[in-house]
Amino acid sequence: MQPVRRTNLIAQVTEQLRAEIRSGRWAVGSRIPTEPELTELTGTGRNTVREAVQALVHAGMLERRQGSGTYVISTSTLGGTLTEYFADAQQRDLLELRQALDTTAAALAARRRDDVDIANLQQLLEERHKAWDDDLEAAITADVQLHRAIVVASHNAVYLEFYDSLLPVIEAGIRARSEKAGEAYHAEHVDLVQAVIEGDADRAARTASCFFGSMIAEYPDTR
């Protein structure tokens, strides 16, 4: 980030913060720098930084968490709109949507992943496994980022943009299930990542589909 010119400061700082999010340097689920740190990074005043951050909170890209900081919840303004739209959605319906999205992403990732993708998937899988029993919040963040990393490995920018817009909803679903049942699904995640790394598109898609299918089965279809 670079110091900005003294004209239209709030708009310029807002755009710089948005660029950090869209580039992935501030990943979904991560905490952004504090106001004093942002003030130093941008060379502007705290009020300017506060207004810029608030603009992205209103846009649905950031979320303030009392006593914890400000976190990235979406890479686009579409995320806030979809979060409101899906707020009252049935969990089964959301899981069926995720099954479709993640199954296709897994197949594409298995065909297109590169060395950087493989290293990222392995790291996130390890972080998820290590954090699960001791730090549920960190485990949930790693879980969200692991599934996103599979979409990243598909190397389809449109797919990633749409998936990112759903991340707040996806994270909320993962948190609700984890707090309710505590099921880790370690073996399923290992199998999915391994299929992607090995370039087996059919197995990756089948593993993702079965993984979500098992969760969908927990919710009876009352229609």
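**A first question**

Is Y185 buried or exposed? Y185 is buried, at a relative accessible area of 14%; buried here means under 20%, exposed means over 50%, and partly exposed lies in between, using a 1.4 Å probe and protein chains only.

Before going on, note that this is a predicted model: local features need pLDDT of at least 70, side-chain atom pairs count only at pLDDT 80 or more, and totals for chains, interfaces and linings use all residues. Residues are numbered from 1 along each chain as its sequence is written, and side-chain values use heavy atoms, leaving out hydrogens and water.

**The overall chain**

Let's step back to the whole chain. It contains 10 helices and two strands, which are DSSP runs numbered from the N terminus (helices: H or I, at least four residues; strands: E, at least two). Starting at the N terminus, the order is α-α-α-β-β-α-α-α-α-α-α-α. Of its 223 residues, 48% count as buried.

**Rings that meet**

Now back to Y185. Rings of Phe, Tyr and Trp (its six-membered ring) pair if their centres lie within 6.5 Å; planes under 30 degrees apart are stacked, over 60 edge-to-face, and the rest tilted. The count is two aromatic pairs. Y185 and F211 make an edge-to-face pair, 5.3 Å centre to centre with 80 degrees between the planes. This pair joins distant parts of the chain, 26 residues apart: Y185 lies in the loop between α8 (157-181) and α9 (186-197), and F211 in helix α10 (residues 201-216).

F211 is buried too, at 7% relative accessibility. Together, Y185, F211 and F212 form one aromatic cluster.
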